[in-house]
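Thank you all for coming; I would like to walk you slowly through one structure today. Please keep the sequence and the 3D view open while I talk.

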Amino acid sequence: MMARCLARFLVSLLALAICNAASVSHPISDSHRSAALDVFVPLDGSYKSLEEAYEALKSLEILGIDKKSDLSSGTCENVVKVLASPSSALKDVFYALSVNGILKCKTGEDGPKDIVSKLQAGAKDAKLLLDFYYSIRGLVLVKEQFSGTDLTLGNAEAIFRSVKALSQSDGRWRYSSNNAESSTFAAGLAFETLAGVISLAPSEIDQSLIQTVKTGILKLFDSIQKYDDGTFYFDGSEGPISTTASVIRGLTSFAASESTGLNLPGDKIVGLAKFFLGVGIPGDAKDFFNQIDALACLEDNRFSVPLILSLPSTVISLTKKEPLKVKVSTVLGSKAPALSVKLAKALNSKGSSVINNQELKFDADSATYFLDSFPKNFDVGKYTFVFEILLDESANEKGYITEAQTKVPIAATGAIGIENAEIAVLDSDVGSIESQKKLDLTKDGVVSLSANHLQKLRLSFQLTTPLGLVFKPHQAFLKLKHESQVEHIFLVKTSGKKAELVLDFLGLVEKLYYLSGKYEIQLTIGDASMENSLLSNIGHIELDLPERPEKAPLPPLHPTDPYSRYGPKAEISHIFRVPEKLPAKQLSLIFLGLIVLPFIAFLIGLTRLGVNIKSFPSSVGAATSALLFHGGIGAVLLLYVLFWLKLDLFTTLKALSLLGVFLLFVGHRTLSNLAAASNKLKSA
Amino acid sequence: MMNLSRSVALISLFLLPLLSFSFSVDNPTDRRVLVLLDDLSLKSSHSIFFSTLKSRGFDLDFKLAEDSKLALQRYGQYLYDGLIIFAPSTERFGGSLDSKSIADFVDSGRDLILSADTSASDLIRGIALECGVDFDEDSSAMVIDHSSFSVSDVDGDHTLIAADDLVKSHAILGKTKIEAPVLFRGVAHSLNPTNNLVLKVLSASPSAYSANPSSKLSSPPQLTGSAISLVSVMQARNNARVVISGSLQLFSDKLFRSGVQKAGSPNKYEKSGNEQFATELSKWVFHERGHLKAGSLVHHRVGETDEPAIYRIKDDLEFSVEILEWSGKSWEPYVADDVQVQFYMMSPYVLKTLSTDKKGLFHTSFKVPDVYGVFQFKVEYEKLGYTTLSLSKQIPVRPYRHNEYERFIPTAYPYYGACFTTMAGFFVFSFVYLYHK
């Protein structure tokens with residue numbers, strides 16, 4: 001489990017390490033300050049618990065951000081409430097006192113006495129490490145905050161022994177006597193508790209007891225974890241940041257409480273400082289507090305104060321002729337004592353040293369050490385600079401320590417000369433030059449070439465470093481891009497002085513998928529050390545390749561452009577069938593008139609012939625049936641008109657059948673009357 | 001409060017049988033997200049990203065990717081609505097989780113944010129491959145760009161890319177333009193050309209390539225230029241959304257806070273575009289933007305209000321549909337000018353762009369074609385970054401009835417005239433014939 005945890009942490013730290021470009025640490029800066037305001041944002045004006053309030057206030061105090069006035073009212077109310085209540089837990093009392101130490105709330109005069117007796121009782125009855133911790137540290141806080149309070153820890157030595165009884169042989173501590181699990185985090189708490197006991201004790205604690213604790217501390221340092229870049233940390237179930245911070249807090253207060261001094265390995269202390277600085281800016285409030293608090297402990301302690309060498313920039317531009325700047329400061333970014341910085345070695349990528357033992361100049365205004373002149377043989381490339389810090393004797397009383405050597409990866413960049421760029425089409429068999437063109441790669445040239453599959457394309461150029469040496473770039477690609485978006489990349493390899501690429505199209509036809517047509521030529525040259533990296537559209541080449549055989553592979557698909565795939569489609573509107581062309585209405589009316597004409601002519605003709613209806617029956621019966629007969633004919637004709645206008649066939653037929661029967665009857669009567677009349681006439 | 005939310009949940013359980021659906025149109029605010037980390041310190045180093053999610057109401061559940069109790073579902077019910085995998089190095093998930101169950105999770109309409117990084121494990125590559133994204137096979141390769149790197153002082157190998165080739169879509173990246181370049185350090189990927197659901201959101205510049213920065217190239221790199229995608233998104237057919245990033249650092253507090261200046265550009269930005277980019281992208285992936293909902297298709301004849309059972313050819317009809325967009329809190333009217341309706345039978349007979357009243361109602365009117373048969377009103381709306389709307393409603397169209405043709409055609413007047421004059425003549429003649437003396 002531990003191993004897996006470690007592996008996981010290693011991965012993340014490696015990611016951080018990559019992110020920080022190897023192991024350059026930077027002291028706490030303004031970015032931490034601005035981040036702190038985001039991280040320690042109270043919810044609705046106050047923090048959830050006094051513990052959180054303490055962590056926020058402490059971190060902000062260390063970073064020098066004054067937010068006390070905004071927070072004091074609500075938080076102080078809580079502090080006073082906890083201190084006045086007899087039922088508050090030891091933990092709450094401890095954090096209330098911690099917050100009070102920062103905010104200086106107005107607590108009642110009779111407060112301390114109750115609290116003191118409570119804490120003293122707590123210390124006396126404690127069985128668990130945390131109870132010892134809260135009560136003893138609480139008493140220390142009372143001593144600091146309320147002068148003149150009666151504080152005696154009569155049984156100091158007994159308490160010291162019972163805390164010490166929880167320690168393990170490997171320097172770690174247990175939380176309680178009946179729990180066998182030991183933890184490094186607990187060791188830190190124990191050191192703080194013991195430091196409290198020493199400072200509260202009325203008489204000196206037995207030196208042999210203190211000595212055993214000191215050997216315990218050294219044993220604890222044997223279990224320290226290490227990274228390759230000289231970073232050290234303590235690991236534990238609480239996570240490396242919390243655990244390491246706890247140990248550092250414990251060591252600092254332990255070293256402060258006793259007089260003989262701790263002798264801790266300096267490189268490990270610097271390594272611990274680098275660990276906290278390498279974490280970056282934690283987003284978690286707890287981690288942030290632990291980082292800042294631990295760094296503050298390292299900044300001001302009685303064993304050794306680490307100094308951190310940092311570089312504002314690890315990239316040297318040879319064209320800009322900027323000096324290489326180095327800063328040395330404490331972990332929280334305050335000024336370092338008088339010292340000198342030496343560039344011991346500058347190793348190039350082949351491992352040979354270019355610069356040896358050069359002392360950096362000091363600029364007092366910006367507190368920067370700088371190297372302004374580089375030797376003549378200093379070329380572009382990647383280097384590892386090895387710095388050494390030499391402390392002046394006079395400044396050494398505070399116990400400053402530094403890394404023996406700080407290795408910093410430096411990249412020197414410069415403008416690379418590009419010369420003799422040429423592009424040519426060669427005849428394959430003879431090698432004679434068909435067409436050759438000089439190129440200016442800084443401009444997008446419009447070279448237009450043409451070649452067939454029996455020819456070759458040759459591109460060559462020379463790259464030189466500022467010192468005139470051959471430069472081999474990491475990226476030197478020639479890209480041929482067909483109209484159909486099929487791309488081909490070729491590496492331009494450097495051999496001798498020249499970078500040259502020869503494309504023999506005969507061997508490439510398959511790779512080019514037998515695609516004839518226009519290819520755009522694009523040349524990309526780039527390198528981390530090259531300031532003038534370029535992407536140049538040289539022009540285009542018209543390739544005439546043989547027909548694609550059936551079995552040859554097809555060119556790969558290309559993702560469709562998302563913009564063209566979506567979007568509205570063209571509208572479609574239905575084309576209606578054109579109605580048949582009809583003659584004009586007037587024409588129909590004219591023909592209607594013509595059709596009516598014969599009828600009129602018929603009527604006129606009848607009158608001209610002098611027709612009469614003199615034989616219309618005169619008797620009432622015969623006249624009635626004649627009228628009914630003609631009425632019936634009229635009705636049938638009217639029925640036809642109605643049929644035309646609105647009636648349907650069924651109604652019409654029904655009516656017609658009735659009318660028909662009626663007509664038959666009256667028709668027969670009428671005709672027989674007429675026949676009888678004419679018979680009478682004949683016989684007369 | 002607890003009781004209230006529980007009773008609300010209970011009521012909604014009864015009302016909504018589809019509650020378990022990830023982005024349910026009925027209950028879109030219920031969002032539980034599982035965050036898988038390969039190291040719990042990521043929680044702290046990427047805290048800004050996580051806290052923006054929390055502040056938008058997401059319930060984040062952080063778990064180690066190797067946690068043996070990992071499970072996405074219990075008793076056939078999914079426990080989460082979204083999944084964030086920030087565990088590039090994990091070779092095997094703990095518990096019952098594997099790449100298949102993650103594919104099932106997406107298939108059920110749920111959302112995924114997957115971040116790989118240099119030396120991403122085969123597991124992470126496999127999940128990305130399912131979504132149509134191929135990471136560079138070379139595990140030591142990173143995206144390098146010697147022309148558009150970030151002028152960052154600590155970096156000398158041009159692997160911190162300042163990318164500004166963003167997809168032009170308000171739906172995916174929000175209406176506010178991302179001014180500052182987005183910082184990226186990680187692994188390149190390309191998109192599967194046969195998969196048309198996946199698209200690049202952040203692309204590399206033409207001078208970029210994917211290679212190991214510390215070793216010389218012996219063969220041309222597999223991925224170069226703008227074919228390299230840095231961050232891609234996929235929207236499945238069921239509207240499940242997936243974000244795949246080649247860089248985990250892109251989401252980190254460090255890059256969120258860091259300033260950026262692109263090489264060769266005079267513009268210096270106080271803050272990189274990462275925070276805006278990641279926030280907007282997370283809004284998209286969790287359906288806080290670009291999720292459309294349509295009401296039913298409404299149509300009727302001009303001048304009427306009721307929907308007819310059948311149309312006659314050449315009828316004039318009015319068509320309307322209401323489309324709303326989810327804003328993260330409420331359904332807002334959707335405004336666009338490219339929603340189209342089709343009047344469809346085997347192929348579209350009419351395709352018309354709808355006009356909007358800016359209140360979410362899209363409408364148009366057109367004449368039914370003079371072809372009869374069973375037609376469909378179809379609204380098939382696909383827009384970059386938006387969920388796909390596919391609505392249809394069937395409606396038959398009949399020809400004219402016999403009595404619906406024109407009745408008295410002027411051209412036939414001579415025929416009518418002939419009939420009636422003949423009839424009148426007959427009537428007169430009957431008198432003359434019978435009674436003449």
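Let me begin with a term that we shall need in a moment: a salt bridge is counted when a side-chain nitrogen of Lys or Arg lies within 4 Å of a carboxyl oxygen of Asp or Glu. In general, side chains of opposite charge can pair when their charged atoms come close. Please also keep in mind that what you see is a predicted model.

With that rule in hand, look at A:Arg137 and A:Glu192, whose closest N and O atoms are 3.8 Å apart, so that the pair counts as a salt bridge under the 4 Å limit. This pair ties together distant parts of the chain, since A:Arg137 belongs to helix H7 (residues 129–145) of chain A and A:Glu192 to helix H9 (residues 184–200) of chain A, with the two residues 55 apart. Over all chains, the rule gives 30 salt bridges.

On the side of chain B that touches chain A, the elements giving two or more residues include helix H2 (41–45), strand E14 (208–211) and helix H9 (413–435) of chain B. Of these, H9(B) contributes the most, with 19 residues. If we sort that side of chain B by class, we find 43 nonpolar, 27 polar and 21 charged residues.

As for the extent of this interface, 91 residues of chain B are in contact with 95 residues of chain A. The size of an interface is often given as the accessible area lost when the parts come together. Here the area buried between chain B and chain A is about 7,700 Å², and carbon and sulfur atoms give 64% of that area.

E8(A) and E9(A) form a hairpin with four residues between them, and in the turn A:Gly351 has a positive phi of about 95°.

Next, I would like you to find A:Glu403, which sits in the loop between strand E13 (400–401) and strand E14 (406–413) of chain A. Its side chain makes a polar contact of 2.9 Å with the side chain of A:Lys274, and another, at 3.4 Å, with the side chain of A:Thr406. Setting aside neighbours within four places in sequence, A:Glu403 is in contact with A:Asp229, A:Val270 and A:Lys274.

Finally, a word on confidence, beginning with the scores for the model, which are ipTM 0.77 and pTM 0.81. Chain A has a mean pLDDT of 84, with 94% of its residues at 70 or more, while chain B averages 88, with 92% of the residues scoring at least 70. Which element of chain A has the lowest mean pLDDT? It is helix H1 (residues 2–19) of chain A, at 42, whereas helix H16 (residues 585–609) of chain A has the highest, at 93. In chain B, helix H1 (residues 2–15) of chain B is lowest, at a mean of 47, and strand E16 (residues 241–245) of chain B is highest, at 95. Over residues 1–22 of chain A, pLDDT stays under 50, and the model has 34 contacts beyond four places in sequence for that stretch.

How values were computed:
Residues numbered from 1 in each chain as written. Chains lettered and ligands numbered in written order. Predicted model: local features only at pLDDT ≥ 70, side-chain atom pairs only at ≥ 80, totals over all residues. Heavy atoms only, no water. Contact = heavy atoms within 4.5 Å. Buried area = accessible area lost by both parts, 1.4 Å probe. Nonpolar A, V, L, I, M, F, W, Y, C, P; charged D, E, K, R; others polar. Pairing = 2+ DSSP bridges. pLDDT = per-residue confidence, 0-100. Polar contact = N/O pair within 3.5 Å; in protein donor to acceptor, adjacent residues only side chain to side chain.
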